[in-house]
Structures are given as structure tokens and as C-alpha cells.
Amino acid sequence: MTDETARPNDEGAPISTADPDSAPHSARDDVSVERALRAGLADFELSPEDQALLDAEGPYAADGAEQGPLPVVAVVGRPNVGKSSLVNRILRRREAVVEDVPGVTRDRVSYEAEWGGRRFTIVDTGGWEADATGIHLRVAEQAEIAIDLADVVMFVVDATVGATDDDEAVVKLLRRSGKPVVLVANKVDDQRGEADAAMLWSLGLGQPWPVSALHGRGSGDALDAVLEVLPDVSAHGAYAQGGPRRVALIGRPNVGKSSLLNKLAGSDRVVVDNVAGTTRDPVDELIELGGKTWRFVDTAGIRRRVHQTRGADFYASLRTQTALEKAEVAVVLIDAEQPIAEQDIRVVQQVIDAGRALVIAYNKWDTLDEERRYYLEREIEKELVQVPWAPRANISARTGRHMDRLVPAIETALESWDTRVPTARLNAFLGEIVAAHPHPLRGGKQPRILFATQASTRPPRFVVFASGFIEAGYRRFIERRLREEFGFEGTPIEVSVRVREKRRR
């Protein structure tokens with residue numbers, strides 16, 4: 001057994017963290033290590049964001065425990081005022097699709113967010129218009145539903161345009177709802193725009209908070225105002241976790257995604273043809289499988305990079321990306337008859353970049369002879385070396401062979417995607433591996449890992465505080481050892497490092 005394998009117990013089996021009594025040290029020892037490391041952080045310069053993260057993951061916090069459904073913040077306003085840009089700013093990542101034309105967002109899309117150590121659900125909505133018709137009417141209806149199900153509403157107005165008739169109509173709707181409202185004056189990119197924001201006092205919703213969603217200016221003050229009126233638990237629970245898990249079927253064109261959905265559904269739910277690109281729009285279907293109900297989503301085949309596509313293929317690619325972002329786990333189908341292509345690798349990477357759980361299904365397995373199976377295994381070792389942690393299922397969408405293997409693989413990936421490692425155990429484990437394999441000296445100095453915490457799940461994200469720069473190779477080593485110790489089969493994990501200097505005396 002090499003140095004980079006899981007630390008064995010006396011019988012040669014990896015130590016399970018689920019049973020503290022089986023380990024040579026107890027959970028109490030882990031907590032002692034955590035407290036000592038946390039106390040040592042007092043000597044280092046920490047930002048308010050660092051402190052909020054540490055407070056949320058303190059030694060007395062219940063790791064992963066939920067007191068109830070997260071409170072809900074709905075972001076509403078007329079089209080093209082920057083709602084999705086504001087949502088991305090709050091999430092600190094590009095989740096909501098943003099384009100400089102009205103009407104890009106149509107559905108209610110919810111995300112989990114965090115600010116000041118408090119977690120909440122934020123709901124992006126389509127633009128609300130008073131005289132909407134057709135699809136725009138349905139978009140407006142979804143926005144009204146979002147207001148009804150919210151605990152707090154962030155009402156976004158374009159400060160450069162000022163209050164319009166549609167804005168006045170939204171104000172009436174908000175007053176009828178009786179919900180707390182935080183008025184956000186967006187597109188205030190500099191101090192000159194402050195006067196434009198002040199004009200919005202006329203709406204009668206209290207102080208307008210000047211914000212630039214594009215640059216981040218003032219967004220923290222607006223979020224602080226939200227937290228002042230945000231309850232600890234949602235009064236509605238409409239976005240509580242539960243219900244059918246969402247599974248996206250993705251892959252390059254003609255690998256059998258629609259055939260697989262039809263076989264799982266037991267009917268011709270989706271048009272299937274040998275012509276690549278038959279599916280354009282994502283198709284949802286509730287399917288009973290393995291004693292559970294799942295929501296499977298068939299998607300358009302990903303031909304090439306989105307920015308290289310044109311016309312209907314471009315929009316199909318965008319909708320596939322959106323379906324992936326809404327999903328919890330992606331089943332990437334690969335045509336086992338054909339050599340693994342660059343497109344297959346790109347699709348797998350797209351799932352990792354989206355932070356979704358991953359299962360790889362090799363379709364048309366029933367048609368392979370022994371020679372092709374041999375070469376396929378070599379291709380997998382060479383081309384998919386970056387995802388040895390992804391569960392695998394060899395299936396046939398046409399005959400239904402080995403469909404029973406799909407559900408256990410999906411369940412394993414989702415369980416890992418939701419996994420939270422107790423902070424005490426994480427720090428004790430990192431202490432062990434750093435003692436055995438310290439970071440190499442660079443410039444006569446050795447960076448020291450000060451403390452680590454799991455910032456979030458779905459996917460698991462870890463934040464490591466260090467006294468100096470941690471090289472990419474050592475980060476990969478930490479990730480590999482985390483997988484060996486805690487599993488994480490089927491989910492990407494992210495290890496980020498915050499370098500902090502000692503306080504000046």
C-alpha cells in the first residue's frame with residue numbers, strides 16, 4: 001500500500017469516520033484538535049467573510065442539521081432591470097443566464113445563497129409586466145407566485161430610467177402581498193448615480209439601496225437590509241429540499257439519450273431518429289425506478305462549444321446548459337461502439353464545471369465484442385483519467401439491459417454530493433496528512449495549513465486557511481486524500497485556499 005492510500009486499521013481495511021470507536025483516536029480528540037487550530041487563527045488577519053464562514057461552521061454548530069426550510073428571498077421587477085445579474089452577484093458565481101435583452105429569464109429559478117453566515121434560498125424571476133400577453137403573461141404569473149411563496153422580496157428598479165408605470169404596478173402588487181420589501185436601485189455604477197437612486201423614495205417602499213449588480217457596488221448593504229427582515233425559517237417551505245430528484249441525460253448527439261428516456265418511461269415519450277440533433281428542447285418526465293420517483297430530463301446533444309454554434313443549435317445548447325444547472329445529477333451517455341471523442345470529454349467537464357453529481361453510462365454495451373471492450377477500457381483509462389471517481393454503468397437503452405444498475409449509481413453520486421464532513425474530523429484528518437506529507441519548501445519557507453472547513457455541499461466545497469501559497473499539485477493531493485478518506489464517489493469537490501498573514505504587533 002502506498003503512502004497515498006487510506007490509512008488502514010489493524011485488519012488492513014480503511015478506517016471509517018462513521019464509527020469513532022474503530023479509530024485509534026476518538027471524536028473528542030478531533031474536537032480538541034479543531035479548538036486548538038481555531039484558537040491559533042486569532043494570530044492571523046481575517047476578513048469579515050472569513051469570520052462569517054468560521055462562525056457558521058463553529059465547533060458547536062450542528063453540521064448539516066436543518067432547523068426547517070431555508071427562508072426565501074424573491075428577486076422581482078420589470079424586464080431587463082438586472083435581476084439575474086444581481087442574483088449572480090449575491091451567489092458570487094455565474095448561475096443565472098444573463099443577456100442584454102429583455103425576457104431571458106422565464107421560469108422561477110431557485111438557488112441556495114449565503115450572506116453574513118446566514119443561508120437562504122434566492123429566487124430569480126422573469127420580468128413582470130402589467131399588460132403582458134402570451135408567454136409574457138405566464139412569465140408574469142410565475143413572478144407573482146414567487147412573491148406569494150417568498151418571505152422577503154427584493155424589488156429591483158433601474159435607477160437610470162427611474163420609476164415607470166410597470167414599476168408602480170409592481171408596487172401595488174407588493175403592498176397587497178404584505179411581504180417585507182427591500183427596494184434595490186440597480187445600475188448605480190458610481191457616485192453620480194446616487195441622485196437617481198434617491199428619486200425612488202417616491203415609490204413609498206422606504207429607502208432605495210443603490211447597487212451596481214455588474215460591479216458589486218452597494219450589494220452588501222442591500223443584503224444586510226434583507227437579513228434584518230429575514231426570518232430564520234421559511235413560513236411556506238415551498239423550496240424545501242425533497243420531492244423527485246432531477247436527473248439530466250446529457251451527451252453528444254445520437255448517443256441514445258432519447259432512447260434511454262423512452263425505455264425508462266416505458267413509452268415513446270420522445271421522438272427518436274438516427275439523425276443526430278432530433279431533440280431540441282429539454283423534455284421532463286417523472287419515472288418510477290428502484291422504488292422511487294425521479295424526474296429525468298432528456299436534453300439536446302452537445303455538438304461543440306456553445307459560442308461556436310448557430311441558430312437553433314445555439315439555443316438548444318443554451319437550454320441544455322440550463323437543464324444541467326437545474327439538475328442535481330447528470331448521467332453522461334457515451335456511445336460504447338465509437339472511440340471516446342473530445343466532445344465526450346468536454347461534456348464530462350461541463351458537468352464538473354456546473355458542480356453537479358456525475359454518473360457515466362456506456363450505452364449500446366450489448367453490441368460490443370470482446371476486442372471492442374478491451375480497447376474501450378484502455379480509452380477510459382487514457383481519456384477519462386480526470387474522473388476515476390465517477391460511478392459507471394454499462395447499459396443498453398435499446399434492450400433495457402442493466403438498467404437496474406443506473407439507480408444505485410445515481411443514488412451513490414447524490415449521497416456524495418450531499419455529504420458534509422464534520423469540521424473537527426476534517427481538521428484532525430488534514431493534520432494527519434500534513435504531518436506525514438508536509439508541503440514542499442519554497443523560497444526557504446514552508447506554508448502551513450492553519451484551519452479548514454467545509455463551506456457548503458452540493459457539491460462539497462472546502463476552504464483551507466494557510467499561512468502561504470499552496471501549490472496546485474498539493475491541492476490535488478489534498479483532494480485525492482479527501483476522496484480516499486471520505487468517499488465522495490460521483491461528485492466533484494472543490495478545495496480553495498485563503499492565504500492569511502499574521503497580525504502586526
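Reply: Happy to! This predicted model holds 28 salt bridges. Let's start with Glu45 and Arg503, whose closest N and O atoms are 3.8 Å apart. Glu45 belongs to the loop between helix 1 (27–40) and helix 2 (48–56), while Arg503 sits in the segment after strand 15 (494–499), so this pair ties together parts 458 residues apart in sequence. Glu45 counts as partly exposed at 37% relative accessibility, and Arg503 is also partly exposed, at 38%.

Next come Glu411 and Lys292, with 3.0 Å between the closest N and O atoms. Here helix 12 (residues 406–417) supplies Glu411 and strand 9 (residues 292–298) supplies Lys292, so the bridge ties together parts that are 119 residues apart in sequence. Glu411 is partly exposed, with a relative accessible area of 28%, and for Lys292, likewise partly exposed, the value is 41%.

Glu485 and Arg425 then meet through their side chains at 3.2 Å, N to O. Glu485 is buried because its relative accessible area of 11% falls under the 20% cut-off. Arg425 counts as buried too, at 9%.

There is also a network of salt bridges to explore, linking Arg245, Glu328, Asp418 and Arg458.

As for confidence, the chain averages a pLDDT of 80, and 76% of the residues score at least 70. Where pLDDT is low, the predicted coordinates should not be read in detail.

Key: Residues numbered from 1 in each chain as written. Heavy atoms only, no water. pLDDT = per-residue confidence, 0-100. Salt bridge = Lys/Arg side-chain N within 4 Å of Asp/Glu carboxyl O. Helix = DSSP H or I, 4+ residues; strand = E, 2+ residues; numbered from the N terminus. Buried < 20%, exposed > 50% of the residue type's maximum accessible area, 1.4 Å probe, protein only.
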